[in-house]
There are 4 protein chains.
Amino acid sequence: MVGGGEGAFIGAVHRQAARLDGEIELVCGAFSSDPERSAATGRALSLPAARCYPDYLTMFRAEAGLPADERMQFVAIVTPNHLHLPVALAALEHGFHVLSDKPATVSLEECRRLAAALRASGRLYALTHPYAAYPLVREAAARIAAGELGTIRKVVVEYVQGWLATPLERTGHKQASWRLDPARAGPSGCFGDIGVHAFQLAEHVTGLEVTEICCELNRVVPGRALDDDGTALLRFDNGAHGVLLASQISVGEENALTLRVYGEAAGLEWRQEEPNTLLVKRDGRPAERIRAGNAYLGPAAQQATRLPAGHPEGYIEAFANLYREFAAAVRAFEAGERTAPALPGIREALRGMAFLETALAASASPAKWHRLEAPA
Amino acid sequence: MVGGGEGAFIGAVHRQAARLDGEIELVCGAFSSDPERSAATGRALSLPAARCYPDYLTMFRAEAGLPADERMQFVAIVTPNHLHLPVALAALEHGFHVLSDKPATVSLEECRRLAAALRASGRLYALTHPYAAYPLVREAAARIAAGELGTIRKVVVEYVQGWLATPLERTGHKQASWRLDPARAGPSGCFGDIGVHAFQLAEHVTGLEVTEICCELNRVVPGRALDDDGTALLRFDNGAHGVLLASQISVGEENALTLRVYGEAAGLEWRQEEPNTLLVKRDGRPAERIRAGNAYLGPAAQQATRLPAGHPEGYIEAFANLYREFAAAVRAFEAGERTAPALPGIREALRGMAFLETALAASASPAKWHRLEAPA
Amino acid sequence: MVGGGEGAFIGAVHRQAARLDGEIELVCGAFSSDPERSAATGRALSLPAARCYPDYLTMFRAEAGLPADERMQFVAIVTPNHLHLPVALAALEHGFHVLSDKPATVSLEECRRLAAALRASGRLYALTHPYAAYPLVREAAARIAAGELGTIRKVVVEYVQGWLATPLERTGHKQASWRLDPARAGPSGCFGDIGVHAFQLAEHVTGLEVTEICCELNRVVPGRALDDDGTALLRFDNGAHGVLLASQISVGEENALTLRVYGEAAGLEWRQEEPNTLLVKRDGRPAERIRAGNAYLGPAAQQATRLPAGHPEGYIEAFANLYREFAAAVRAFEAGERTAPALPGIREALRGMAFLETALAASASPAKWHRLEAPA
Amino acid sequence: MVGGGEGAFIGAVHRQAARLDGEIELVCGAFSSDPERSAATGRALSLPAARCYPDYLTMFRAEAGLPADERMQFVAIVTPNHLHLPVALAALEHGFHVLSDKPATVSLEECRRLAAALRASGRLYALTHPYAAYPLVREAAARIAAGELGTIRKVVVEYVQGWLATPLERTGHKQASWRLDPARAGPSGCFGDIGVHAFQLAEHVTGLEVTEICCELNRVVPGRALDDDGTALLRFDNGAHGVLLASQISVGEENALTLRVYGEAAGLEWRQEEPNTLLVKRDGRPAERIRAGNAYLGPAAQQATRLPAGHPEGYIEAFANLYREFAAAVRAFEAGERTAPALPGIREALRGMAFLETALAASASPAKWHRLEAPA
């Protein structure tokens, strides 16, 4: 693991997710740019001191030198955004598979470099978009792919938070500080942090691609260098329309990621804060309340579920699905298979960065619609 | 009453709303452009045959000729949109106050003529935006006006229906037919029918005015002459941002008008389908679930409520608030008072039409932002 | 109308309900035992002074002496409970149909006298249990009657309020005072006020009869002469089991009447505070969210609905269904028909009183089960 | 671990819960009474063959013989109920701490033997009641303990499932079979399986003790030897009243454990299926929607939470709280501390068994109230 020292939020989530199914063991880490803190974090995690590295390059070199059955099998990147690319490049260069937090990089150009390096390395790469790994999101995607909604016409995806409604970044709050600092977060705040999740979710569940964007990004709290709120109108490749709302200044909201998709025949509604319920709405019939853990769900949802219906699963379980599936992909790779895992990967990385760059350009432009170029 | 013959939806609502508080009696009507149907509707309503008029002009002339204590005291206009102006003009000309269904007219130019005629007549005019008359919408407006939310930063208003997800207008469905016919509905379908409600609600509750619009209107079901779906980005006069979603093709949705407002200090959420609950969200504190009928509500909400908490009131009661208040305004007028009622009136009519015309122009334009000129 | 002077809650509800559909006109009343207040209430309701009577006997005599097309056609009784019997007897004696608030009387013996007088009079009698008149309660009853749930196994009905969590009756609160006064309310407080509604709802929706009761009534707030909380275990005539919870000391609850019924094949859940939704739950399938106002509902629900789906109807509309149907029954009666209306009537009155008396006896007894004798 | 072979539900939950925080490692097991299946389960869990034992006695003997830093530190018992006692006794006898699934034993007499053995052994014992380990259940308990609700007056606890609405036990369904078999489940089905959870939750959150019970247990599905449904009226030691509903035949319900507590000053409502929300209801004020993960929560809730607000935690996380705290208790024990952990333990085991036996006796008796003797 690179990143995830004390005080970090997402590093701890990655570790819990990795542990849940008992298939993955944390064996080493460069948890902080401060070697002392890295060592302290490793100690707290009961790692041998020798494998608590002062920096990621040292780690990759050292681990690459270990016998195959001892060295780490893949690296999880959980640093602030600006380090995603250099760490990933170094990992690939040393032969390690990469599981990276999102966004993949801080620019589309960086992401293209990553894609090229990945191709050259022949290794595995996945991006942690955990929301798409919830059982009922997979059910939604499966139903849409099976045609249950008919042609998709309208998509409304929202990711609404309120934790940045005050200038938290000026209080020394670690999470807020780097997320609103262009040097570490990249050129977008809110859209880079949560807008890309919403974008990935919308494309993933519908199986459609966004082709045009109209966008307004806002810096609501005075003094911010990056957006903390924004809206994008979307046009999809099948002619469907969409709206993406992302906000971190909607005071009182927690982590309100919601998705609504309407087709010719039916509509779907899912809310991350109550992730075990999926509403299916139909014309002239009562809406159905799909619930996780039931035998009537399709295989994609069932394989992503650990408990019987009514025993709520949450964010860690969704995240753990990514880890479990990445671990399976690594095992398959080591067994000689070369099929890419069905996880968000470099394609989603490229599309996410293209979305961000187009959104930034569109927001700055007086023209309404802007083409989202499919990245090569 | 003009309009509201059999098969009409909104006419029956107006009549129930008018009756609820026992202050208004329906005394005459021109319920249909077909004199036979008008008479039949009047009979079913136990009106004397003599006051079931074949057309509205005949009615205004005849009623104006009755002694003051016998003639109708105001007219309710519940026709398709294209008749709102001529009926209102004729009513005012004959000295009758007007309570009109929305939108006020089919164009801003028509609305300006209405405004001029109204000024000249000295009569009362109100527009039936019932959603703003729900007790908890009034509570929301009162709290915002009192500063409880602080400066407003973000407004999300949605009005989402699914009943036009199929080409219902080609099946002889009366409501669908005129609403999608430019000759009767005016230049907008979805936005003219429900978008203006959302717009009025957002401005009314926040006390802000929209100054700029970015808009996309869609004709989703093939063959339609008018929009059946659309989204507008909004900029308000205090710098706040907003999004307005309106749709009639969101299959499975019923009448999902929702409003979310976020200020510096707190946020509000209200859903028309469960109108007796209002959520107030705050940073660092639990959200509060405000419920209609409680003594802790402000006077505006309490005066708009008829029942103790937990006894749900609905759409008819909200609508009846408009009638009750218009009746009070008529009584005050007849007692010599000349203060305008606190109901949506010609100002809201003008703003609504300006919104519609700007939205149509903005949707057709490649430019992103379009100024919503404050109507004179 | 007898009762319903200023400060009364239920009288105003009756009047709104009566007015809503334009089929009933309030023509006279004895609104208070205080003739001054009766006259004042009548004035406020725009009644002619001559028909604002000082007491109910005077009213019945005077109205009975009017020509048939002038006199009142039925009487609504909205007094405190202890007057229900004498007023109803007097009304029947003078030839008037009776629409009475619940409970029918203050004892089973009184109720038997009422039943005998009713039989002798040949007039119509109905009891205002408005909750059973909600569209989706009727849908629930229709589905159960049609066998959709299979054999009923379990019924959970709750009526939970919190408004009497403090000794409100000692503050001069009019509603609280008479409801907790044995001389006016009868021998039961909470069960007499709201428990009978829950009981009627359970029997009505399931079509079953309770045959045995185990009961505990509590006087939670010190100093009360009547119960303010209680629970009854129920056994039904088909072998099903049930639980009835009623409480007026559950602080913070408003009017939380809920019904859950489980059969062999499916279950139902309905909540009065959100009355336009009915959940149908099935084994191995998603629950269905039935919504009022939809074309997929059965005729009983549709006839009880005034608005399209998504336009919430509430308590007044449910109550108005009773008035509309009683008015239809009166018209049919006057046209010579002698079929009883499908409304709660003397049978429900007798069963309600038998339930109350059995519950009181059971609560006082050390024995668990007590037979609920079917009233003759 | 004893029990938890393939096909078992709760064994897998225990393992996930144990792994989540990285403080516990599964080192050995006797997973099935069939040595082959035990070995297969161990293999699937990557245990060395030598530590996959054919039976629990062999395991305890072998592990007790290992050096202190190699042998297992405590045993988790996840077998059917009838084995809880013998396994626990054997474990204690060999010096192992015990974390046992509930119910502790199949009779109060067995439980007293367990208590005696535990006292003699000086080891640690905890019982997995995971519902009381949800963050917001702990918040509820803390608020009640702090007096926020005032004197408790009323408790309604429900545990409603539908999975046994059909005779699943006759289809070879493993979970259903043993739970309805008196030889393996003990003398109660539904109450033993889920009623004890509801009982423990009610006592735990309120800090009160039940002193009297009135109970009806039902065997709804024909042919069953054990109850599959039941209700108990409760009296608490402070004079409060309560109702406990448990059912496994409420078709369509999943795992609907809910708790409502009303005091003089406020009420609380919590629902396990949406465990991250807690409603606090007050007289004359809006209800508050408490949400997990917020800084406004007390320390008990915060220590039981892993994620920021809006990132749902679920059943596994609640269960993991028990494991984490038991691990801490074991570490403290080994460091020489002798304070009992704040987890459900032998006291709750004894009370649970006393509740079950009293409920069974009360259900069979014609008398209403039965004393729940505080176990010595």
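In this predicted model, Ser38(A) sits in helix H2 of chain A, which covers residues 35-44. Is Ser38(A) buried or exposed? With a relative accessibility of 0%, below the 20% cut-off, Ser38(A) counts as buried. Its surroundings can be listed: leaving out residues up to four places away in sequence, Ser38(A) touches Gly29(A), Ala30(A), Phe31(A), Ser32(A), Cys52(A) and Tyr53(A). With one of these neighbours there is also a polar pairing, as a polar atom of the Ser38(A) side chain lies 3.0 Å from the backbone nitrogen of Phe31(A).

The largest nonpolar core holds 222 residues, and the members that touch the most others are Phe191(A) and Phe191(D). Another core lies apart from it and has 220 residues, including Met72(B), Leu108(B), Tyr125(C) and Ile213(C). What does Phe191(D) have around it, beyond its neighbours within four places in sequence? Phe191(D) is in contact with Val196(D), Cys215(D), Leu217(D), Asp227(D), Gly230(D), Thr231(D), Ala232(D), Leu244(D), Ala246(D), Phe355(D), Leu356(D) and Ala359(D).

The text now turns to how two of the chains are arranged. Chain A is superposed on chain B by a rotation of 180° with 0.0 Å of shift along the axis, and the RMSD is 0.0 Å. This is the relation of a two-fold axis. Of the interface residues of chain A, 98% are also interface residues in chain B, so the two copies meet through the same surface.

How many residues of each chain take part in the contact between chain A and chain B? On the side of chain A there are 46 residues, in contact with 45 residues of chain B. Between them an area of about 3,300 Å² is buried, with carbon and sulfur atoms giving 51% of it. On the chain A side, the residues that lose the most area to chain B are Arg153(A), Val251(A) and Lys368(A), which together make up 21% of what that side buries.

Eight salt bridges are found between chain A and chain B, and 24 residue pairs are in polar contact. Several elements of chain A each supply at least two residues to the side that touches chain B, among them strand S4 (152-160), strand S6 (229-236) and helix H12 (346-364). One salt bridge joins the side chains of Asp229(A) and Lys154(B), with 2.9 Å from N to O.

Some details of the backbone complete the picture. Most residues other than glycine have a negative phi, and most peptide bonds are trans. In chain B, however, Lys102(B) and Pro103(B) are joined by a cis peptide bond with omega at about -10°. Pro103(B) is in the loop between strand S2 (97-101) and helix H5 (108-121) of that chain. A cis peptide bond likewise links Lys102(C) to Pro103(C), with omega at about -10°, and Pro103(C) belongs to the loop between strand S3 (97-101) and helix H5 (108-121) of chain C.

Positive phi values also occur. Ser46(B) has a phi near 65° although the residue is not a glycine, and its place is the loop between helix H2 (35-44) and helix H3 (56-64) of chain B. Ser46(B) is exposed, having a relative accessible area of 62%. In chain C, Ser46(C) has a positive phi near 65° and is found in the loop between helix H2 (35-44) and helix H3 (56-64). Ser46(C) is exposed, with a relative accessible area of 63%.

Notes: Residues numbered from 1 in each chain as written. Chains lettered and ligands numbered in written order. Predicted model: local features only at pLDDT ≥ 70, side-chain atom pairs only at ≥ 80, totals over all residues. Heavy atoms only, no water. Least-squares fit on C-alpha atoms with pLDDT ≥ 70 in both. Contact = heavy atoms within 4.5 Å. Core = buried A, V, L, I, M, F, W, Y, C linked by side-chain atoms within 4.5 Å. Buried < 20%, exposed > 50% of the residue type's maximum accessible area, 1.4 Å probe, protein only. Helix = DSSP H or I, 4+ residues; strand = E, 2+ residues; numbered from the N terminus. Polar contact = N/O pair within 3.5 Å; in protein donor to acceptor, adjacent residues only side chain to side chain. Buried area = accessible area lost by both parts, 1.4 Å probe. Salt bridge = Lys/Arg side-chain N within 4 Å of Asp/Glu carboxyl O.
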